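Have the structure open and try each task before you read its solution.

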Amino acid sequence: MRDKRNYTLVLGDSTSMTVGYQNSNYIFNLANSEVWPENSFIINSSLHGFGSADALKFIKKYKKFNISLIIF
């Protein structure tokens with residue numbers, strides 16, 4: 001059975017990772033906004049030192065999901 005959820009993949013460096021401020025970073029605020037349909041799921045793959053080659057790896061890794069949006 002195909003996964004019916006809509007996934008948003010966030011790819012970024014330490015700016016979107018924001019260690020220690022998880023409940024106040026823009027990804028947290030974005031995820032908690034009321035704009036998302038009920039079946040939405042956000043994958044925050046942000047890592048310190050994240051580069052474009054890493055982004056490509058994550059896109060390939062998560063291609064099995066129904067990714068409807070990628071945020072860089």
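**Exercise 1.** Find how many aromatic pairs there are, and work out the geometry.

*Solution.* Start with the rule: rings of Phe, Tyr and Trp (its six-membered ring) pair if their centres lie within 6.5 Å, with planes under 30 degrees apart counted as stacked, over 60 as edge-to-face and the rest as tilted. The count is one aromatic pair. Next, take the rings of Tyr7 and Phe41: their centres are 5.4 Å apart and their planes stand at 85 degrees, so the pair is edge-to-face. Tyr7 belongs to strand S1 (residues 6-10) and Phe41 to strand S2 (residues 40-44), so the pair ties together parts 34 residues apart in sequence. Strands here are DSSP runs (E, at least two residues), numbered from the N terminus.

A word on the source: this is a predicted model, in which local features need pLDDT of at least 70 and side-chain atom pairs count only at pLDDT 80 or more, while totals for chains, interfaces and linings use all residues. Residues are numbered from 1 along each chain as its sequence is written, and side-chain values use heavy atoms, leaving out hydrogens and water.

**Exercise 2.** Decide whether Tyr7 is buried or exposed, then classify Phe41.

*Solution.* Buried means under 20% relative accessible area, exposed over 50%, and partly exposed in between (1.4 Å probe, protein chains only). Tyr7, at 1%, is buried. Phe41, at 39%, is partly exposed.

**Exercise 3.** Describe how Arg5 is placed relative to Phe41 and Tyr7.

*Solution.* First, Arg5 lies over the face of Phe41, 5.5 Å from the ring centre; the test asks for NZ of Lys or CZ of Arg within 6 Å of the ring centre and within 35 degrees of the ring normal. Then look at Tyr7: its side chain and that of Arg5 are joined by a polar contact of 2.8 Å.

Definitions and conventions
Helix = DSSP H or I, 4+ residues; strand = E, 2+ residues; numbered from the N terminus. Polar contact = N/O pair within 3.5 Å; in protein donor to acceptor, adjacent residues only side chain to side chain.
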